[in-house]
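Here is a short briefing to read with the model open beside you. Take a look at the fold before going through the points below.

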Amino acid sequence: MVFWPSYCYSDSIQPYYGTTPNAAAGGNTWSMNSILPTPPGLDINGVIYNYTINKDVNDHVDVYVGNENANGTGYIFREHDEWKPGSLGGTEIRKVVPVIPNIPRAAWGQGSIEVEGPGSVEDPNVVYMYKVDPCFDPQYDPNCPGYVVPMPPIVDVTIEIYDATQDENVKLTSEELVLIEENEQVLEEKEEEEEEENEKRKREYRLQALADSQNAAMLVAENIRIQTMNQAMQVLVTNSYLQTSIPGGVYKENIQLVDTKINDNKKGLRNGFAQQILHELMISSQYEEKQ
Amino acid sequence: MIKKILLTCTALLVPTLALAENAPITGSVQSRCVISVDTPGVYGNPNAYTLTTAPSDGGVLPIVRYDVTLADAYYAQITTPTEFSSSPSLSDTVTWTGSTEVSSVSDAANMGDYETNKTTFGETTQYDLTATGSTWFKSSSSATYGGNKAFPGGNYTAYVEAVCIAQ
């Protein structure tokens with residue numbers, strides 16, 4: 001199976017070729033603006049021309065076909081046809097002239113056929129071959145390489161708040177105007193109070209934050225002190241353990257019963273009886289009738 | 001299959017007194033003179049007894065193009081017709097006239113004098129192709145039926161012969 005490299009170009013963005021009509025149809029000089037088609041990305045890659053020379057066989061005639069360089073001096077191309085003595089009038093010349101590609105369209109100045117010497121040209125035909133790249137402007141088509149999705153225009157919406165007091169068509173009485181002024185004063189006072197309260201809250205918050213930070217610092221310092229003390233104590237404890245030595249050998253039972261008889265503990269027996277009496281009283285109390 | 005085996009045995013028994021091989025040498029030469037038909041001709045019929053390629057008489061001049069990539073190496077020889085290659089049966093003689101001239105050139109300075117320097121012998125015109133490039137030659141041809149008789153109805157075909165001869 002063979003895989004061909006493919007490019008996701010649609011037909012509409014494929015480069016295409018074309019030729020202009022006869023540039024010399026209206027005379028031996030012509031403007032390129034009236035000859036070349038309009039699309040951008042147009043690149044002229046060659047010129048085809050032909051004409052028939054009119055001259056006497058013994059004359060020397062020079063014919064120049066070319067285009068001026070509109071962005072400077074000189075010519076973009078200039079072909080020289082030298083018709084020497086011996087060449088017959090009525091002979092046609094046909095030429096294909098390659099042109100350096102990628103010359104900007106604006107650089108193509110006036111075209112002309114110039115004749116020097118006792119002769120003239122007949123039936124001149126000058127045709128420009130060109131190539132058009134539709135993706136010269138990547139924004140021409142979304143399939144063009146380098147296409148950037150355009151940002152939608154952001155509509156600047158200005159909302160005008162209707163103020164009835166400023167409306168010329170609203171007729172207010174003097175009482176209503178006074179009432180509006182009083183309301184505005186009250187609103188301003190409330191706003192000032194709210195601002196003061198906000199400032200007060202901010203000051204308190206800052207003070208509290210400062211106190212918290214101091215407390216935190218103190219707490220950290222206390223923790224460090226405690227840890228230092230613990231470490232010091234641990235050193236002492238560790239040292240005391242290390243200084244203790246356990247002698248080796250066999251540790252035998254050293255408690256001995258002399259008469260092999262254990263006497264009853266009378267105090268314990270009395271305590272046991274007392275506990276039993278209390279327990280029975282507690283059990284029997286739940287069966288007594290409530291008064 | 002058997003014949004092949006016998007031949008193999010024989011070859012083993014025969015002493016090899018002498019061995020010889022022929023080494024091939026191949027090569028190809030690409031023509032540096034190419035002839036193309038640019039415009040096929042058409043005979044007009046201005047009167048009953050004349051066939052002519054003259055445009056004024058409804059004919060079309062045949063044009064051949066020579067493309068030469070090596071200068072001073074070839075002659076172009078173009079011969080106008082002296083007989084029909086196909087036609088209805090003709091009982092009388094046909095009188096032929098013809099000529100060839102340069103129609104177009106691709107290099108004015110070096111080909112402009114081709115027409116001046118041409119040589120003609122009989123119906124053949126010879127050009128010295130002294131420059132590289134393309135040259136178009138147009139020929140004219142006329143045929144007149146004997147005794148001003150009318151040509152029999154039918155199709156007539158004749159050929160202009162264009163050859164490139166190495167110098």
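Which residue in E5(A) is the bridge partner of A:Val65? The partner is A:Glu79. This is a predicted model, in which local features need pLDDT of at least 70 and side-chain atom pairs count only at pLDDT 80 or more, while totals for chains, interfaces and linings use all residues. Residues are numbered from 1 along each chain as its sequence is written, and chains are lettered from A and ligands numbered from 1 in the order in which they are written.

**Confidence and overall make-up**

- The average pLDDT of chain A is 84, and 93% of the residues score at least 70; pLDDT is the predictor's confidence in each residue, from 0 to 100.
- Residues 1-8 of chain A have a pLDDT below 50, and beyond near neighbours in sequence this stretch has one contact in the model (two residues are in contact if their C-beta atoms, placed from the backbone, lie within 7 Å).
- Chain A holds two helices and eight strands, in the sequence pattern β-β-β-β-β-β-β-β-α-α; helices (H or I, at least four residues) and strands (E, at least two) are DSSP runs, numbered from the N terminus.
- Of the contacts in chain A between residues at least 6 apart in sequence, 76% link residues at least 24 apart.

**The four-stranded sheet of chain A**

- An open sheet is formed by four strands of chain A in the order E2-E7-E4-E5, with antiparallel pairing; two strands pair if DSSP finds at least two bridges between them.
- At the edges are strand E2 (29-30) and E5 of chain A, each pairing on one side only.
- E2(A) joins strand E7 (residues 108-116) of chain A through two antiparallel bridges, and A:Trp30 stands opposite A:Gly111 in E7(A).
- E4(A) and E7(A) run antiparallel and are joined by seven bridges, with A:Tyr64 opposite A:Glu114 in E7(A).
- Strand E4 (residues 61-69) of chain A pairs with E5(A) in the antiparallel sense over eight bridges.
- E4(A) and E5(A) also make a hairpin with five residues between them, and A:Gly74 in the turn has a positive phi of about 85 degrees.

**Cores and burial**

- The largest nonpolar core has 36 residues, of which A:Ile53, A:Val63 and B:Ala76 touch the most other members; such a core is a set of buried Ala, Val, Leu, Ile, Met, Phe, Trp, Tyr and Cys residues joined through C-beta atoms within 7 Å.
- Buried residues make up 10% of the 291 residues in chain A (buried means that 20 or more other C-beta atoms, placed from the backbone, lie within 10 Å of a residue's own).
- Leaving aside neighbours within four places in sequence, A:Val63 has contacts that include A:Ile53, A:Trp83 and A:Val121.

**Where chain A meets chain B**

- The contact draws 13 residues from chain A and 11 residues from chain B.
- On the side of chain A that touches chain B, strand E5 (75-83) and strand E6 (92-98) of chain A each supply at least two residues, and E6(A) gives the most, with four residues.
- E6(A) pairs with strand E6 (residues 94-105) of chain B in the parallel sense over two bridges.
- Across this pairing, A:Glu92 stands opposite B:Ser104 in E6(B).

Note on methods
Buried ≥ 20, exposed ≤ 12 C-beta atoms within 10 Å, placed from the backbone.
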